[in-house]
Amino acid sequence: MFYKTLKKFPDDFLWGASTSAYQVEGAYDEDGKGLSVQDIYETPEGITDFKVASDHYHHRTEDVKLMAEMGLKAYRFSIAWTRIIPDGDGEVNTAGIAFYNDLIDELISNRIVPIVTMYHFDLPLKLHEKGGWSSRNTVDAFERYARVLFENFGDRVKYWLTINEQNVMINHPNAMNPGTIPSKKELYQQCHHMFLAGAKAVILCRQLCKDGKIGPAPNITAIYPETCAPADVIAADDWESIRCWLYLDMAVYGRYNSLAWSYLEEKGYAPVMEPGDMELLEKAKPDYLGVNYYATATVSASRNDGTDCQPRGGDQQVMIGEEGVYRAGQNRYLEKTEYGWIVDSIGLRVTLRRIYDRYHMPLLITENGLGARDLLSEDGSVHDPYRIDYLKRHFEQAQMAITDGVDLIGYCPWSFLDLVSTHQGYGKRYGFVYVDRDESDLKDMRRIKKDSFYWYQKVIRSNGI
């Protein structure tokens, strides 16, 4: 639809930026912090680990000052479970409480709204060794962890996110499960337990956080059929339900998506439930929905002949497709980054419209960004016009979605500063702020404002005009 006049971004729009604890904080074993599964994750050869990351733990005040200089209205970050409760379910670490208290206070004093993700891939190692999300004990441990967060920070944190990209942990579990990758049956049992944990956190937030708002943050994307052939459309519908609507239907309605449940029954993946589970899930309606968006996906009809799952771009480590469900499709209308990621700014508008039409709840873009091989020039500057172009196009489509009627309350690009990319380390950078280090040489960890920093500063100042 073409509009004569586009709606403006709301006056209170949350122009922000995002990070996650294990990718920026460093200090993995300092001040009483326990080990998480990410602290022992074996990165690919030649790629840095997460032990030092961007050293935000020791640069916190400097980083917040840069956020204030940029003019951020919000900062979406995660709290490291093991910095609060080192073994996941034992004693509370007062030093961890102090670190996040100071961070939250510094943000608020600079008029930056803290948006807190409670769990972002960094399960406490001790809980993992006891079964992790396969054990219902982890559900109880998460509920206790949530209580500690709400009791200590709920007086100042208005926006909470329960679990980051739960659907990614189930569909692409490689980076989240040290050792043997669980079977699909076990993964969907873990998924059910995460649903319960998130629901308990929502209910607890209602009790402990005055004026608090809480919701999930899955990775949601519109799924396109490769052609207009009806069988391709069916494949796209099936995969969108399994990959996306399963997670948001549960969050909003407290029930399993019907297509996704049929898939779980057909494949033998349906989780074991206990009495009261569904009643609990039905009680925990969120206040808003976080949306991590990077690109759409295109699929074609399954052949169900043993060839539906294929390596992506020849990479035997990354398989795309599922036998009897869908095959990866090609979309000649879209471009790709140097890392093979699809770029589809209009797809953001499509995705936001589909989500809002299904749920009619406020939406917050909690991640979206471009990973690139940024270079530090001899004059000490970092020129990233490709990132500016990428975000400009996505911001334009976000405004189109608002004009379409979507209740979009904020946009937090990934990421505020360079951080350790899960698979490409420091070779692939996302930040508005450059961190002067590489895979093996920590250098001086100096913070350097990229061209995109100054551009986004103007976007925020003009409220997207």
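The dialogue below concerns salt bridges in this predicted model.

Me: How many salt bridges are there, and by what rule are they counted?

Reply: A pair counts when a side-chain nitrogen of Lys or Arg lies within 4 Å of a carboxyl oxygen of Asp or Glu. By this rule the model has 34 salt bridges.

Me: Which parts does the salt bridge of Glu25 and Arg83 tie together?

Reply: The N to O distance between these two side chains, Glu25 and Arg83, is 2.9 Å. Glu25 belongs to the loop between helix H1 (21-24) and helix H2 (56-70), and Arg83 to helix H3 (residues 81-84), so the contact links parts 58 residues apart in sequence.

Me: Are Glu25 and Arg83 buried or exposed?

Reply: Both Glu25 and Arg83 are buried, a term that requires under 20% relative accessible area.

Me: What joins Glu69 to Lys449, and where do the two residues lie?

Reply: Their side chains form a salt bridge of 2.8 Å, N to O. Because Glu69 sits in helix H2 and Lys449 in strand S17 (residues 447-449), the pair connects parts 380 residues apart in sequence. Glu69 is partly exposed at 36% relative accessible area, and Lys449 is likewise partly exposed, at 26%.

Me: Which residues do salt bridges with shared partners join into one network?

Reply: That network consists of Asp374, Asp384, Arg387, Asp418, Arg429 and Lys450.

How values were computed:
Residues are numbered from 1 along each chain as its sequence is written. This is a predicted model: local features need pLDDT of at least 70, side-chain atom pairs count only at pLDDT 80 or more; totals for chains, interfaces and linings use all residues. Side-chain values use heavy atoms; hydrogens and water are left out. Helices (H or I, at least four residues) and strands (E, at least two) are DSSP runs, numbered from the N terminus. Buried means under 20% relative accessible area, exposed over 50%, partly exposed in between (1.4 Å probe, protein chains only).
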